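Let's take a friendly look at how charged side chains pair up in a protein model. Have the sequence and the 3D view ready as you read.

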Amino acid sequence: MIQQREFPDWDNLYQERQVETMPWYNPDIDADLEQALIELKIDSGTVLDLGTGPGTQAIALAKKGFWVTGSDISEAAITQADSKAKEEGLDISFIQDDIFKSRLDQEFDFVFDRGCFHVFHPDLRQDYVRIVHSLIKPKGYLFVKCFSHLETREGGPYRFTPEEIKQIFGDRFHVISIHETVYQGTLDPLPKALFSILQRL
């Protein structure tokens with residue numbers, strides 16, 4: 001029996017706290033994503049930054065020349081991210097959106113999820129896979145960063161083994177690779193993570 005985990009009200013969190021103090025705040029492009037894009041020779045196209053939060057990854061990708069949409073369930077997060085992007089003169093489409101009732105109606109070359117998937121209750125995981133699959137072009141990619149089963153600290157997101165990732169996503173995605181890594185952010189030590197490269201079937 002998986003212990004149910006508790007999570008904050010995301011909108012209140014973004015209203016009450018400075019984004020720079022949040023555990024997942026990383027002003028630079030995620031190192032694992034950057035390496036994956038190099039390996040797969042992806043240097044242009046349309047991107048969905050799913051659960052964009054403070055928008056750092058959306059901004060970093062836009063600076064690399066991608067056409068970026070950033071979505072988040074928190075209106076406050078979206079407002080802050082949009083303001084930051086405009087300050088930097090970037091044209092990013094930020095949208096408040098619940099992935100399970102998504103209003104997104106396009107297919108992207110790739111989707112990056114750096115912290116959305118691993119907060120969902122196990123009962124919702126197949127819905128997530130089905131919906132995200134519908135948002136990716138055929139042969140497009142899903143990059144997922146989630147907490148690893150090797151992470152031992154109390155609280156926080158659900159943890160996963162590589163085998164669980166394969167089981168959850170395997171019906172709709174080809175699992176190219178899963179590797180152990182860390183979450184770059186504000187915590188010390190950095191949380192242990194899995195980074196998965198999945199290709200839409």
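Here is a short tour of some salt bridges.

This is a predicted model, in which local features need pLDDT of at least 70 and side-chain atom pairs count only at pLDDT 80 or more, while totals for chains, interfaces and linings use all residues. Residues are numbered from 1 along each chain as its sequence is written, and side-chain values use heavy atoms, with hydrogens and water left out.

- Side chains of opposite charge can pair when their charged atoms come close.
- A salt bridge here is a side-chain nitrogen of Lys or Arg within 4 Å of a carboxyl oxygen of Asp or Glu.
- By this rule, the count is 13 salt bridges.

**A buried pair**
- Lys 145 and Asp 30 form a salt bridge, at 2.9 Å from N to O.
- These partners are 115 residues apart: Lys 145 is in strand E5 (residues 136–148), and Asp 30 is in the loop between helix H1 (10–16) and helix H2 (31–39).
- Helices (H or I, at least four residues) and strands (E, at least two) are DSSP runs, numbered from the N terminus.
- Lys 145 is buried, with a relative accessible area of 0%, and Asp 30 is also buried, at 0%.
- Buried means under 20% relative accessible area, exposed means over 50%, and partly exposed is in between (1.4 Å probe, protein chains only).

- Lys 63 and Glu 88 form a salt bridge, with their closest N and O atoms 2.7 Å apart.
- Lys 63 is exposed at 53% relative accessibility, whereas Glu 88 is partly exposed at 33%.
- Asp 98 pairs with Lys 101 in a salt bridge at 3.3 Å, N to O, and Lys 101 is exposed at 63%.
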